[in-house]
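Grab a pencil and have a look at the model below. Try each task yourself before you read its solution.

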Amino acid sequence: MKRWLNKKQNDSKQSKENWEKALEKSNDFTQSTYINQKSNVPFCLTFMSTLVDEQIIQQGVLPYLLEGELNKLEDIKKIVPSADVEISTDHTVIDKKILNGYILLTIDTEPEHFAFIATQKEIVRSLSPPEIEFSVIGPKEAFVESLGQNLNLIRKRLPVKELIIEEYTLGSLSQTKVAVLYMHGITNEENVNTVKQRINEVHFDAITDSSYIVQLICDNSNSPFPQLLDTERPDRVSGILAEGKIAIVVDGSPHVLITPTTLIEFFSSFEDYFLNWILSSFFRLIRVGAVLFSLLITPIYVAVLSYHYELIPRDLLGTLVASRRQIPLPPILEALFLELTIELLREAGARLPTKVGQTIGIVGGIVIGTASVEAGLTSNVLLIIVALAALASFTTPVYKMGNTIRLLRFPFLLAAELWGLLGIVFAFCIMLTHLIRLTSMGRPFLEPIYPPRVTDLKDSFIRLPFRFQSKRPMLLRTEKRERFSKKKAKIKKDIDEE
Amino acid sequence: MIYRYFCIVVTVLLLSSCVEKSIIDDINIQSAVAIDLADDDKLKGMILVQNYLPDQAVENIRFTSTGKIRRDLLLNIQKKSSQQIVVGGLMVSIFGDKISKKGISEAIDAYQRDPGIGSRNYLATSSGSALKILEGEYGPRGNGTYLRNLLEHNIQYRDVPETNLHIFLRDYNSEWKDAFLPELRSINNEEVEISGISLFKRDKEIDVLPKDKMFYFKLLVDRHSNGNFLVELGENKTAMVKSIKSKRKIKMSRKNHSQMILNIHINGVVTEYTGKKMSKEIADVVEKELAKKVNAESLKLIKQFQEKGVDPIGFGLVYRSKHRGAIKKIKNWGENDYKNLSFKINTKVDISESGVIE
Amino acid sequence: MPGQSIPDHLKISPFLVLYMVMSMQIGIGVLGYQRLIVLTAGNDAWISVLITGGCIHIIIWMIYKIAETVNGDLVSAHVYIAGNFVGKLLSSFFIIYYFIYSLTVQRSYLEVIQVWMFPTMNIFWFTLAYMLLCIYIIYGGVRTVIGIAFFGIVLPAYLFPVFGFSLQLAEFNHLLPIWNNSLKDILIGSYKMSLTFIGFEVVLFFYPFIKEPQKSKKWAHLAILLTTFLYTSIMIITITYFSRDLLSRSVWATLTMWKIVNFPFVERFEYIGIATWSLVILPNVCMSIWISSRLLKRIFNLQQKKGVIIMAAATLIAINFLPTRAEVSLLNDITGQIGFVFNFIYIPLLLVVVMIVKKVKKR
């Protein structure tokens, strides 16, 4: 019996030494012993100096510990004015707690008990206006890298008890905190369960950003299309949560994920909701048109110039032939050359500091463009087309979608080179099939186009006024379909009446 | 898996590149064709290719050759061209007077068979050699474009009745209507004009309408038309009437099946008047004079057609649409009924305005 | 019955039957059906179209009656009347029918491409690409197949207003006098028209996949109504646009009519039309391959994934044995005749037998 006890004690010592040994190797490991002034009880503080806020220790913890009535470990709950004080007997959590920025407090008299006091250093970037999804009208807040801060931004906008936040820790090394947000009683339970299940199934060592989660939980990871919408706008997240979707907030990432989503949603900017419905519908249609234009115009150029000269209006024929007279390359190489040049410019601009990037853009756009036309490498007609197509691809409000569209141009180009217009239609069919097959959290990605749901068209290519938006999208199968009572909202007035 | 296979297939396809290309600057696009008969009854043809120069100027390149049939001719021409000659950009085709008198059925076959030739092409005949028309230099935009624009605006706004490849083929392939084509004449090396309308019976040119009859012809042929017309009012007064909107309707008389009733309604404006003052009364006179003249001239034209046995206006179609089983009577129609037909023309003219002065 | 219980989330909404039926009906035939009908029925060809359209409403009613009685597809109906072995034997004939059907559509479209666009188009490579696309679609399940059918109707719909250009040159005298041809001629025209109309019988195969099939009835009838309207209007436009002799020479009258279309930005529209048409025939090919592979599964218990690949491979091989137009038109005739017999003779017969068996079984 005694041996057994001894052994157990040894065990605990052993393991205590284990975590100590492991942590001691780091230079920021700090361990110091103090003596309480009232009861003369010596106590020991262990922490990682890089993770804790020295100010909190010096002002909010140490003075109380030194001057308070500390006889046993239980006393610190009374004397330390911090909400997050925990006493535990489980020594396996010690390293985790220390590495999360807690102070470990031990008293020699109670070797089996450990107290943890929260003193995390919170490095929070101050709120800045959204950079990617900037809007002229509307709130100027964007998410930052801190989970707590981000949740605060969302909660502030939805201060109701229905908003549920569930936290998970993912990543065997990164220990990233991930929060799943949804509205209880509105969001479809099935959707929530799918998301939870997918998140629980994530097995990856280091999750450093929400884009990791996107790729790890999406339905089809072989698709070039993003299947989860990411946004840096708290207003968008709260608006979409109210619609009945699910948000995923990842610690350390200023982008919040929204799911399930549809293709059309990627072409709607949240500013659309701030503008009058006529304006926003017009802009949305323009955006969808721009995407199609961007996707198809260069392939059409290649197809028409390589195969279908008959299609060219006779008055344009002269311009096209004359502009291509000096060019030694066939249309496909000409187009690929220019498209790749634009991609290079974009890539260089993205990698360089902002100011240099701008310069590169100007140098590339003007100098290279003009020079290549003058050198007879490309025709000026194509230069205009490619530049317009690139411009159009930047109109998509979601950056990831813009990337997809730029990528998709290349298979379309090859198809056009292969079979002309027929090839373009063929490539379009492949894309269409892919989109039909694609799902986002098990919900069809192409909704409301296919499966066709007329009621959901109210907020797709166009955005009808809010009074028509009384029902939540059918796609989400929400538990409460009505957003507001249409009858109450309806006011009928005759002419000259109040 | 399917992605991988698909990638392989695309690569193979790209490598084998199995479709024939026609890159726009590596082909010679025919813009106009002239076909005529050589002295030895062979076909003689000229193909006009517009060469677009980098400074936006257009150069006319001509290829001439002879051959037994059209294809033969084209083959011979291909041998002279540094680049492949393609047919898809054709705008105007001209048949010389020799071949149109002899019959253009052989030459027209390619236009029916080849899907590469657009239906909006213009066909025309020429007075004199067809090749001579393409030999001129008309305007800076190339001969093909020039001739097309010439025909196009005359059809749209002036006196040439609506015609294109489809309309010609439709009438040419119809037993109940005869085809017609505009006739071109080269004045000198820099000028070309529309000199009249060639009337065809099946594939042979039977008659040519002179320029000044074209307005009436257009009134009769087109359901809607516009054009210019000069009305002489005596005492050296003349008025130029521009018809804005004209309609014509052909009906078969209910009582008498050998009578056709033509209702012509002209809406016009006076664009020029040589008298002192234009008044409502004068407008009435102009209306009456014009109606009278249209009636007389149209009747004259129709009688002329009847004599020659051609039916470019399509009385046959009206006849057929009123006779059940007319299909069996086609011979009878061509030989007897058409010649015995009598006509009644009712013209109504409305002058709606007379310009900004009175 | 095996393979009959289909989970609800894999089924399609009843109104999608509209697109399913329409896109199966509208196929390669539309590009040139007018000539055959006009050759017999003359300027009354449009009456023939209307008559056939009317008849098909009856056939659709019969199809639903059969499917409702046996609560399943054609195989179920056959098994219902003739027992397991004979029923499946009867059904296996339709594997060949739908194989030939997809082959005909595919090859006829290639014929169009070869004549109008690319004379040197390689049949094998194009078919290979097309078949891979079909496999990709069918692997997505019924929802994807019907999705393609939906887009195969909605996206090419812009082609319809384009016929307005032909109306500008229309000669309405061509239509008169009505009833110029004998009833016999018009009925022969109707018979020939049925070849263009076939395809609606897919309901008999997709029936188990329709959510609340009762509700889909009206959509199937609406589909027939719309195709009848489409075919009739195109027929009327064609008759007015062509003179009769020219029409009797035009193999692809619809395509010829597109030649007159011209926009400021497109000189020749028919090339765009032909390219778009590949989206119209895609559901034709997909659905028929889906049906034949589904039949393989129902009859021989062959995994549908394998069945699709077998059918695609067979198409790919068989299409090489049809090099010239003579063979293509022969194939077209054969398919049309089988289709006619199946739709207008076999289905009514089947209904009668099913009804008799039902009564006998009740006793």
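Predicted model: local features only at pLDDT ≥ 70, side-chain atom pairs only at ≥ 80, totals over all residues.

Residues are numbered from 1 along each chain as its sequence is written, chains are lettered from A and ligands numbered from 1 in the order in which they are written, and side-chain values use heavy atoms, with hydrogens and water left out.

**Exercise 1.** Describe the interface of chain C and chain B.

Step 1: start with who takes part. Chain C brings 42 residues to the contact and chain B brings 40 (contact means heavy atoms within 4.5 Å).

Step 2: look at the area. About 3400 Å² is buried between the two chains, with 56% of it on carbon and sulfur atoms; buried area is the accessible area (1.4 Å probe) that two parts lose on being put together, summed over both. On the chain C side, C:W125, C:L169 and C:K259 supply 16% of the area buried against chain B, more than any other three residues.

Step 3: which helix gives the most to the side of chain C that touches chain B? That's α5(C), with six residues. Helices (H or I, at least four residues) and strands (E, at least two) are DSSP runs, numbered from the N terminus.

**Exercise 2.** Work out the layout of the open sheet in chain A.

Step 1: write down the order. Five strands run β1-β2-β4-β5-β3, with antiparallel pairing (two strands pair if DSSP finds at least two bridges between them).

Step 2: find the edges. β1 (29–35) and β3 (85–88) of chain A each have a single partner strand, so one side of each is left without a neighbour in the sheet.

Step 3: zoom in on one pair. Four bridges join β4 (residues 102–107) to β5 (residues 114–118) in chain A, and A:Y102 stands opposite A:A118 in β5(A).

**Exercise 3.** Which residue forms a salt bridge with A:E339?

Step 1: find the partner. A:E339 pairs with A:R409, and their closest N and O atoms are 3.2 Å apart.

Step 2: A:E339 sits in helix α11 (residues 331–351) of chain A and A:R409 in helix α14 (residues 399–437) of chain A, 70 residues apart.

Key
Salt bridge = Lys/Arg side-chain N within 4 Å of Asp/Glu carboxyl O.
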